[in-house]
Amino acid sequence: MYKIKKTQPTKRGNMQNLERGEKRMFRIAICDDEKIFRDDLKEILIRYMTDRGIMLEIDTFSSGKEFVELGIEMVKYKIVFLDINMDELDGIMTAKKIRENSKDMFIVFVTAFVNYTIEGYKVDAVRYILKDNKNLVASVYECMDAIHEKMDYKITWAEFDFCEGTRKVSLNRILYIESKLHKLEFHVMEDCLQKYTLQGMLNEIDDRFAGNDFLRIHQSFLVNMKFIKNISRYRVLLNNGILLDIARARYKYVEEKFIAYRGEV
């Protein structure tokens, strides 16, 4: 029906070929209200990736508000470059909104100032890059090298024979799985939220996904805890606004597991 595999990171400077020689798309967001800087940074990143033979996709946003309006779909980006000084919703507030949806995204602040270090620690920013730095290219390259060293120590993916066709899915992108009779519905965040169906029983998936941050909240629901916003009144609220029922007999267990998980991440 499916198989699970953990892949180790490839050698530095060669992030493709993670799965059987298959290249992976590397998605980056640039959020800055200065078009000239957005264009310059995009050109530097394209050069960095091209030199290393890495496929990439870069999207640009002119404000923090525009970026956070993506909602849960922002998790498709691996890295976001954020201008700290933006009108309406600055980089710090944008980063806090990002962290409500993703603990995994690498946040890089770009700024003309250096007095936001403490706030940056609170949102786990990986780097600060000064806009007027004469060594901007070197700073961006060093930043990307550092991210490469930190990212994807293990990539856990599974290959499923969905009714829609065989697909490899990162377990980190599965929001939840719902059981309907003898069919399972996988709700997966890719470029947008996708739904795939599979013949099978949720008990088997629950057993196989053990240790991958999934929580059985109901006979019909297996949920990825990284996408849970909060738990209350026998319901789980996901970051994209979806509400799922918790079985009354499992409520205390679910609550304790989620509190423990939040304490670890």
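1. Overall composition. The protein chain contains 7 helices and 16 strands. The model is a predicted one. Of the 265 residues in the protein chain, 46% are buried. Among contacts with a separation of 6 or more, 56% are between residues 24 or more positions apart.

2. Helix α1. This helix covers residues 35-51, and its 17 residues should span 24 Å at 1.5 Å a residue; the end C-alpha atoms are 24 Å apart, in agreement with that expectation. Seen down the axis of α1, the buried residues fall within an arc of 135 degrees and therefore line one face of the helix. The residues concerned are Phe37, Arg38, Leu41, Ile44, Leu45, Tyr48 and Met49. An α-helix has 3.6 residues a turn, so residues three or four places apart point the same way. On the other side of α1, the exposed residues are Lys35, Ile36, Thr50 and Asp51.

3. Surroundings of α1. The partners against which the buried residues of α1 pack are the strands β2 (26-31), β3 (56-61), β4 (79-83) and β5 (106-111), together with α5 (136-150). After α1 comes Gly53, with a positive phi near 70 degrees.

4. Nonpolar cores. The largest nonpolar core has 24 residues, and those with the most contacts inside it are Ile28, Leu45, Ile79, Phe81 and Met144. Two or more residues of this core come from each of β2, α1, β4, β5, β6 (125-130) and α5. Leaving aside residues up to four places away in sequence, Phe81 touches Ile28, Ala29, Ile30, Cys31, Leu41, Leu45, Val108, Val110, Ile129, Cys143 and Met144. A second, separate core comprises 21 residues, including Val75, Ile228, Val254 and Tyr261. In soluble globular proteins, nonpolar side chains tend to be buried together.

5. The sheet of 5 strands. This open sheet has the order β11-β10-β9-β13-β12, and the pairing is antiparallel. The edges are taken by β11 (193-199) and β12 (214-218); each has a single partner strand, so one side of each lacks a neighbour in the sheet. From one strand to the next, the twist averages 20 degrees.

6. Strand β9 and its partners. In β9 (residues 174-180), 6 of the 7 residues are buried, so the strand is largely enclosed by the rest of the structure. Antiparallel pairing with β10 involves 6 bridges, and Lys180 stands opposite Lys183 in β10. The two strands, β9 and β10, form a hairpin with 2 residues between them, and Leu181 in the turn has a positive phi of about 60 degrees. With β13 (residues 221-224), β9 pairs in the antiparallel sense over 3 bridges; here Glu178 stands opposite Phe221.

7. Strand β10 and Leu184. Strand β10 (residues 183-189) is joined to β11 by 7 bridges, and the two run antiparallel. Lys183 faces Gln199 of β11. Apart from residues up to four places away in sequence, Leu184 touches Ile177, Glu178, Ser179, Tyr196, Thr197, Leu198, Gly200, Met201, Leu202 and Ile205. One of these contacts, Met201, is 17 residues from Leu184 in sequence, with the C-alpha atoms 7.1 Å apart.

8. The sheet of 3 strands. A further open sheet, also antiparallel in its pairing, has the order β14-β15-β16. Its edge strands, β14 (228-232) and β16 (243-245), each pair on one side only. Direction ignored, neighbouring strands of this sheet are turned by 25 degrees against each other on average. Between β14 and β15 (residues 235-238) there are 4 bridges, and Asn230 stands opposite Leu237 in β15.

9. An exposed loop residue. Ala249 belongs to the loop between β16 and α7 (251-264). With a relative accessibility of 82%, over the 50% limit, Ala249 counts as exposed. Ala249 and His218 are 31 residues apart along the chain, and a C-alpha separation of 9.1 Å is computed for them.

Definitions and conventions. Residues numbered from 1 in each chain as written. Predicted model: local features only at pLDDT ≥ 70, side-chain atom pairs only at ≥ 80, totals over all residues. Heavy atoms only, no water. Expected span 1.5 Å × (residues − 1). Buried < 20%, exposed > 50% of the residue type's maximum accessible area, 1.4 Å probe, protein only. Arc of directions from axis to C-beta. Contact = heavy atoms within 4.5 Å. Pairing = 2+ DSSP bridges. Axes fitted to C-alpha atoms, helices over the stretch in contact; angles between N-to-C directions. Core = buried A, V, L, I, M, F, W, Y, C linked by side-chain atoms within 4.5 Å.
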